[in-house]
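This report looks at one protein chain. It takes up a helix and its partner, and then the confidence of the prediction.

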Amino acid sequence: MHFSSSFPVIASSARRPAALPLAVALAGALALAGCSHTTSFTPAGAMPAVPTAWHAAQSAPQQQAPEDLSRWWQRFGDAQLTALIDQALQANPSLLSAQAAVRQARATRDVQAAGLLPSAGASAGVGRSRQGNNDARNSYSTGLDASWEPDWWGAQGNRVDASEATARAAQATLESTQVSLAAEVAQTYVELRGQQDRLRIAQQNLALQQQTQQITEWRVQAGLATSLESEQARQSTNQTAAQIPALQTSLAQSRHALSILTGQPPAALETQLQALQPVPRAPDELALTLPADTLRQRPDVRAAQHRLEAALSTLSAQEVANYPSLRLSGSLGLSALTLGALTNGASVAASMAAGLSATLFDGGANRAQIRAQSAVVDQAQAGYQSAVLTALQEVEDALVQLQGDKERLVRLRAAEAAARNASLLANQRYQSGLIDFQTVLDTQRTLLSSQDSVSTVAASISTDHIRLYKALGGGWTPTVATDAAAAPVARNSQP
């Protein structure tokens, strides 16, 4: 049930008393303004307690200002890595989709903001009429209509706020996509270089084992070794050779993945990534920012905050949806029998009206919608808290993983050095007839395993740095909106 009232501004004196119901209704509507409910909850109140320092980096240097990590991959000193990431940030399909989502959200915001402004329309017409035996006559008309609905209770303004927050969330989601994309390209590139290094190690060990097999066969022919030793050498050689196709397959798949990430066909980088290069290493002088500053750098946390802001603004708009609304309208029309007479203003009709409407009964629909939107706010709040906690966990996990892998690498390098010495000693003692051939094979397999582990963990340390840079919110550059619509929307003052 709706109440409405309207009165003509330009009207005869006999109809002016009809404005009295409107005045009464307006007075009642203004009295309801003191009863309007607005949400006092803010996104800042949804953030869980944030520690003052990282637990896994108590001894790490701290700094008060967030460090610039917008192009952290340049710290690896690998020109090809930088080129691949730059290309991915320009041509990756997922990034292009996120950019389109930002444009859509900004356009939706502009549609909402347009509702705060008056609307106007123009019309023109021509007609031909005939009465009785008179000649047919032409008639011409033109008109201009305008209307405006003041945002008395801020409902439309809250909808604009919601669409603005949604647009900011879309922008933050785009930045989060940039963060993830840069990290994924870097991780895949490090994996590729690590696979190349493991392939090199396997090929070197295969060549060594083939030499051992050849020596063993000569010794068998000379009667200095048995056929059992020859078969053991052949088995060890073939087992190492079997690892090479698997490494080559993984290497090809990594090249394909990098091609797709940069928006190209799978085989596009086949030649470019064919040459053997070392695994890129990151410097260790990263000064960790305070957790609160880190969260401000992470676009996924800011996106969750903007989604919560949008939900809160939508709830505020829904809470006043049944409040009275005022609409002002006016029109100006010209009519004449000839086109030339229109410019003379021979026949002018003008009017202005105001209408007040309010919902008196809706069967509880608006209350149900308020409850539904309150649930949306609760979901957005939970999502915001989850994003904050996840961000804290990812940094702590990355720090712990990095520290653990560094310690493992020290031990594995010591083990590799011992395995290399053992392999040399085993060959010397075997040639002297002091040990059996099985010991030689065992030391060779141990050396291959140690070298492979060192290569794998060394690449993992680079990957750990990448995860840390990503967890700290690096990989995106703040941009200033260039469209005028990105500026705050000026609103009419509320009574």
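## Helix H4

Helix H4 covers residues 155-221, which makes 67 residues. At 1.5 Å a residue, a helix with that number of residues should span 99 Å.

Just after H4 comes Gly223, which has a positive phi of about 80°.

## H4 and H7

Helix H7 is made up of residues 299-319. The axes of H4 and H7 come within 8 Å and cross at roughly 165°. Angles over 145 degrees count as roughly antiparallel, and therefore H4 is roughly antiparallel to H7. The crossing of H4 and H7 is left-handed.

Which classes of residue are found in the contact of H4 with H7? There are 10 nonpolar residues, eight polar residues and eight charged residues in this contact.

## Confidence in the model

For the protein chain, the mean pLDDT is 81, and 78% of the residues have a value of 70 or more. Among the elements of the chain, helix H2 (residues 79-91) has the highest mean pLDDT, 95. The lowest mean, 36, belongs to strand E1 (residues 2-8).

The pLDDT is below 50 over residues 1-40. Beyond near neighbours in sequence, this stretch has 54 contacts in the model. Over residues 480-495 the pLDDT stays under 50, and here the model has 25 contacts beyond four places in sequence. Where pLDDT is low, predicted coordinates should not be read in detail.

Definitions and conventions:
Residues are numbered from 1 along each chain as its sequence is written. This is a predicted model: local features need pLDDT of at least 70, side-chain atom pairs count only at pLDDT 80 or more; totals for chains, interfaces and linings use all residues. Side-chain values use heavy atoms; hydrogens and water are left out. Helices (H or I, at least four residues) and strands (E, at least two) are DSSP runs, numbered from the N terminus. The expected span of a helix is 1.5 Å times one less than its number of residues. Axes are lines fitted to C-alpha atoms, for helices over the stretch in contact, and angles run from 0 to 180 degrees between N-to-C directions. Angles under 35 degrees count as roughly parallel, over 145 as roughly antiparallel, 65 to 115 as roughly perpendicular and the rest as oblique. A crossing is left-handed if the near helix is turned anticlockwise from the far one by less than a right angle, and right-handed if clockwise. Ala, Val, Leu, Ile, Met, Phe, Trp, Tyr, Cys and Pro count as nonpolar, Asp, Glu, Lys and Arg as charged, and the others, Gly among them, as polar. pLDDT is the predictor's confidence in each residue, from 0 to 100. Contact means heavy atoms within 4.5 Å.
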